[in-house]
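User: I'd like to learn how to read a model like this one, feature by feature. Could you walk me through it?

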Amino acid sequence: MGRLFAVEIVYRGIFQKTLAKNISRAIVLAAHQEGKPGISFGRYGDSPERNGVPAKNFAIVATDDQTLEEGMAKYEPKEVDISIAVDDTLCKGVESWAWYGLQPINRLLKPGGTLIVTSREEPEALIEMCHRKEYPYQLAIVKGIPSFSGLWVYKEDHSDVRILGAIAKVLPELFSLESVQKAIRAEWKDELKATSAARSYERITTVTVPPNQGNPEEPFKFELPKWSEMREGVTIPAIPRGHAMENTATQQVGGWQPERNPTFKKFSTRTMRPVVDFDTCIKCTLCWLQCPDSCFDVTPDGLYDANMQACCGCGVCEAVCPVQKCVTMVNETQFRDNDSQWEMWNKDKEGYKKWLLEKIEHGPGPQRSHGFRYRGQYEEQVPEMLEIAREG
Amino acid sequence: MATFVDIQPTQQLDPIKGVKKMPLEEFFTSGHRTCQGCESALVMKLMAKAAGPRTVVLGSTGCMYVANTTYYSTSWVVPWMHTQLGSSGSAAMGAASGLKALMRKGKIKDEPINVIAFCGDGGGADMGLSAISAALTHPDYNLLILMYDNESYANTDIQLSGSTPYGAHTTFSPPGKMKRIMHHRWKKNMAGMLAAGHPTCKYIATVCMSYPLQAMNSVRKALSIGGPTFIHSLDPCPKGWDYDPMQSHEMGELAVTTGVWPLYEVEEGVIRLYGKTKEIAEGRYKRFPVRDYLLRQGRFAHFTDDDIDYFQSKVDQMWDKWLVPGVIPFLKEVETDHPPK
């Protein structure tokens, strides 16, 4: 009986679809170089993908055909040797498109398996984001800005081959750096990409995450009804009507808080979140009105509080806000909870202002870009991303 | 004609006077599985907000069915039911006549209830056209058919539809090295065609949710004018058009200010351009070049300058040569057409 290797690539739907496909395909091609058969596929339940909603690709490789067949008899792997998060905010958990509840990024990792993350954060920050595991695992960081592009135009910033180089280092039994480089040359005919893979191989460092380190929260789950419990016509109750909000400090009642779908929260889609300066808000209504996800609660004092369970971080609110730095999108890695900003502001206005400025000015992390803004933009961004890659 | 028409009163839905007078309550809420920056979800939200609580919504297959109401989950506060891909017209008719019959028989309270059926451009402009046309010829039922047009079969990963613009990159029209432009058809003129061909239909409009107040008042007028009505909404789609979702609102504005998407309503046969479109038609606002719109989208990333010029010439023709500018493509004489090779 041979050995079966399983690698999952967790990525942002559409934004990283081509990137994830490139990685999982090249894993199998590199393994072929060593005579190992393999297969790469996307998770059926994640299709059709939606921009930003987490999705998965798998690469399954075996030392012989029979072992591969046995591995493929499963719908998808129950455990993996390597989990790859091509965007670091995925470490907060994955609420897939057709899945219910939040799954930890390291859920499928075997004891001692490796989580590879593309990030500019330090290991401590990433470990804090990942849910706790009972057994130790490895964390490897490929230093870089997570690569985002769209469905049609791909950003050629070597993110794909840098991950491949890292895999060769953390799991040499799967394939060697040489095999990866052979596969890269055959697939892309680009010597520079082969060099990028080698550089990543040399630079990648791994830390061991001890048991029970990380986010202690229990990821949210739902009980779905069994077929025998369904109602006639498979009807389901509508979302109840919302209610006015109350300011607990002043007992002022007013505004509107809609009820929300309890089975899909959407916050794990977010890579940036809006922070709102309530002191400069002119109550123009635009963020609230133009939000496709109805995520703004209308407070009794007529302000708009972005609900962090519902916000998926599209950035439309920032784009439509007429006031400079009233709504600002900040890198999601800067936050540890989904608490209400308005309540925080209500309790301590001075403290809130300080927190807000710190988030906007000191802690936004790398500037994120979520796909195509104008022709030529990727060509402008790639040199900086390659520079970061060179620095390691 | 009125003597033969057996129609019930509609709800009284007054125009919303300004964004600050907007009703606070949501009838389509958070927790749908659409893309970041999905303008079609915004259409659902504001359509439901404009219609109010006494509304029944029917949705044909498409993003707004699959993403909003995945297995055992919903974002709707008002009653919602799925209907088949091409059947938004028949479903709207069936629901409206069913409600009418139940009220006549005293099975439910006799009150005006809004019936809205929505469809995407695939479900509406392609598959559902005959059923929509049929529904619009029946003056006895109060219903609104709203087509949210993201210019492709976006739900199944962007195949081209009759609404896809010339030259756009879709799964069915990938640009290649030998052939750059794989989609040569011009976008179907849905609202204009329905307005020209359905004299019994009292209200047909085009909207874009980048102009939410006008769009919501369009929905209100469509629901209160009586009889079958149709609204065509252009919805920028970050997934299929390939742009950063934060640009969704701006992309809708660009579609209007470049003249690619004209805003108008046809009320009891009277055409009225509104918003920026009206200013363009009256010469008070200079159209932006379509280049500004096209180069912001990855689906046109393969366009050469010739392609952009051709696109511009077709939009110019819409404004300069059409008998009813922006609305109906009848010309006074035959125009030659030379798309770039």
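Analyst: We'll go from whole chains down to single residues.
This is a predicted model, where local features need pLDDT of at least 70, side-chain atom pairs count only at pLDDT 80 or more, and totals for chains, interfaces and linings use all residues. Residues are numbered from 1 along each chain as its sequence is written, while chains are lettered from A and ligands numbered from 1 in the order in which they are written.

User: How many helices and strands are there in chain A?

Analyst: Helices (H or I, at least four residues) and strands (E, at least two) are DSSP runs, numbered from the N terminus. Chain A has 11 helices and 13 strands. Chain B comes to 11 helices and 8 strands.

User: And what does the radius of gyration tell me about chain B?

Analyst: The radius of gyration is taken over C-alpha atoms, and you hold it against the globule rule, 2.2 Å times the number of residues to the power 0.38. For chain B it is 20 Å, close to the 20 Å that the rule gives for 341 residues, so chain B is as compact as a globular protein of that length. Along the principal axes, the C-alpha atoms of chain B fill a box of roughly 65 × 45 × 40 Å.

User: What share of the residues in chain B is buried?

Analyst: Count the other C-beta atoms (placed from the backbone) within 10 Å of a residue's own: 20 or more is buried, 12 or fewer is exposed, and in between is partly exposed. In chain B, 55% of the 341 residues are buried. For the 392 residues of chain A, the figure is 51%.

User: Now the helices. At what angle do α5 and α6 of chain A cross?

Analyst: Axes are lines fitted to C-alpha atoms, for helices over the stretch in contact, and angles run from 0 to 180 degrees between N-to-C directions. Under 35 degrees counts as roughly parallel, over 145 as roughly antiparallel, 65 to 115 as roughly perpendicular, and the rest as oblique. The axes of α5 (residues 177–188) and α6 (residues 191–203) of chain A come within 9 Å and cross at roughly 155°. That's why α5(A) and α6(A) are roughly antiparallel to each other.

User: Which residues of α5(A) and α6(A) make the contact?

Analyst: Two residues are in contact if their C-beta atoms, placed from the backbone, lie within 7 Å. On α5(A) you'll find A:Leu177, A:Val180, A:Gln181, A:Ile184, A:Arg185 and A:Trp188, facing A:Lys193, A:Ala194, A:Ala197, A:Ala198 and A:Tyr201 of α6(A).

User: How many residues of chain B are in contact with chain A?

Analyst: 53 residues of chain B are in contact with 54 residues of chain A. On the chain B side, α1(B) gives the most, with 4 residues.

User: Where is B:Gln36, and is it buried or exposed?

Analyst: B:Gln36 sits in the segment before α1 of chain B. It has 33 C-beta neighbours inside 10 Å, so B:Gln36 counts as buried. Beyond its neighbours within four places in sequence, B:Gln36 contacts residues including A:Asn51, A:Cys312, B:Pro238 and B:Pro245.

User: What should I look for in the backbone?

Analyst: Most residues other than glycine have a negative phi, and most peptide bonds are trans. Here, a cis peptide bond joins A:Ser47 and A:Pro48, with omega about -5°. A:Pro48 lies in the loop between β2 (38–42) and β3 (54–62) of chain A. For positive phi, look at A:Val234, near 50°. A:Val234 has 10 C-beta neighbours inside 10 Å and so counts as exposed.
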